[in-house]
Amino acid sequence: MVERRSRAGVATFFAPETPVVGAQSSLEEVAAHHARVRRVDVGHKVRLLDGVGTVALGTLVRLAKAHMLVEVDSIETIPAPPPVHMLVPVADKERMLLLAEKCAELGAASWRPVLWRRSRNVTPRGEGMTFHSRVRARMIAALEQSGNAWLPTLFPESTVERAIAAAPRGAHVVLDADGDAMLTTEMISPLSIAVGPEGGIEPDERALLVDAGWLPVAVSDATLRFETAGIAGLAIARAALERTPETTSG
C-alpha cells in the first residue's frame, strides 16, 4: 500500500491510464517536461494519479523528451469524498480557469458550465471544446499539485433548464446574496451548488431553480465575484460534509 506520508518530497504526475502493479505506465510530453523542470530523473520515486481514485508509487525508468516510463511498485485506492457537484457560469475565460483549478484542489465531483442569460454578454467567454480541454489541463495540474486522487467529471455547456434537469439527485443550493447564510445551513451529500454569472441570476432563472427545489444560500454579506463565490461555497460545503460524511440525502 502507498502510505499517505510518502507524498512529501515525491513528485506527482497524472497518468492517463490506470497504473498496474508490476507494469510500466507511459506518460506523455507534458509530464516529461514537468519531470525535467522538477529535476526528477531516472531512478527517482514518483507518484501517479489516474483521477478516479488510484494512487500509485513507482520508479522512473526512462525519461525522454516526448515521454517518460514509470515502473509501478504499489497501488492504493482512495475513496471518493462526499460528492459536491458544481454548476458554474459560462463567463470570462481566465476567471473560469481559476475556478476550475480551485474546484480540483477542493475536490469537486463534477463541473457543469451553465449559459445564464447574462453569460451571453461576456466576451471572451469560456466555452467550446478547445476551452473544455484547457479546463481539463488546468484541473490536472491542480490535481498533481494538491495530491487529490479524484478529478472532477467535466460536462459540456448547457442551458439553465438542462442543467437543472441533469443535476444529480440529492440536495441543491444556489448561491444568492438574499439567501440564508450557508455557514448555518445543514449540508447534505450528494450536494449540487449553482453559481450565477457576473451581475447575478435573472429573477425568472432564480424562480426556475427555486421551483425545482434549489435552496438560496449566501456565502458572504459582500457581493462577490462569481469565482470567489464558487470557491467559498465549495470550501464551506466540503468542510461541512467532511465533518459528517455519513450524512446523505434521499
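For the record, strands (E, at least two residues) and helices (H or I, at least four) are DSSP runs numbered from the N terminus. My model is a predicted one, where local features need pLDDT of at least 70, side-chain atom pairs count only at pLDDT 80 or more, and totals for chains, interfaces and linings use all residues. Residues are numbered from 1 along each chain as its sequence is written, and side-chain values use heavy atoms, with hydrogens and water left out.

Entry 1: I noted about 440 Å³ of space in the largest pocket. Of its 22 lining residues, Leu175, Asp176, Ala177, Gly200 and Leu224 are the closest to the centre. A pocket here is an open set of points on a 1 Å grid over the protein atoms alone, where a 1.4 Å probe fits, with protein on both sides within 12 Å along at least five of seven lines; lining residues have an atom within 4 Å of a point. The volume is the space filled by probe spheres set on the points, which are joined across faces, edges and corners. Strand 9 (171-181), strand 11 (215-218) and helix 6 (226-243) each supply at least two lining residues. Sorting the lining by class, I got twelve nonpolar, five polar and five charged residues. The nonpolar class is Ala, Val, Leu, Ile, Met, Phe, Trp, Tyr, Cys and Pro, the charged one is Asp, Glu, Lys and Arg, and the others, Gly among them, are polar.

Entry 2: Next I traced an open sheet of five strands, with mixed pairing and the order 1-3-4-5-2. Strand 1 (11-14) and strand 2 (24-27) are the edges, each pairing on one side only. Two strands pair if DSSP finds at least two bridges between them. Strand 3 and strand 4 run antiparallel, joined by five bridges, and Val46 stands opposite Gly58 in strand 4. Their hairpin has four residues between the strands, and Gly51 takes a positive phi near 85 degrees there. Strand 4 (residues 54-63) and strand 5 (residues 68-77) are also antiparallel, with nine bridges. Four residues make the hairpin link from strand 4 to strand 5. Two partners I checked in strand 5 are Glu71 for Thr59 and Leu69 for Arg62.

How enclosed is strand 4 by the rest of the structure? Largely, because seven of its ten residues are buried; buried means under 20% relative accessible area, exposed over 50%, and partly exposed in between (1.4 Å probe, protein chains only).

Entry 3: Is Arg238 buried or exposed? I found Arg238, in helix 6, to be buried at 6% relative accessibility. Leaving aside neighbours within four places in sequence, Arg238 is in contact (heavy atoms within 4.5 Å) with Pro81, Pro82, Val84, Leu106, Gly107 and Ala108. Arg39 sits in the loop between helix 1 (29-37) and strand 3, and is exposed, with a relative accessible area of 74%. Arg39 also has a positive phi of about 60 degrees, although it is not a glycine.

**Entry 4: cis bonds.** I looked up two cis peptide bonds. Thr123 to Pro124 is cis, with omega near -5 degrees, and Pro124 is in the loop between strand 7 (110-114) and helix 3. Ser189 and Pro190 are joined by a cis bond with omega of about 0 degrees, and Pro190 lies in the loop between strand 9 and strand 10 (191-194).
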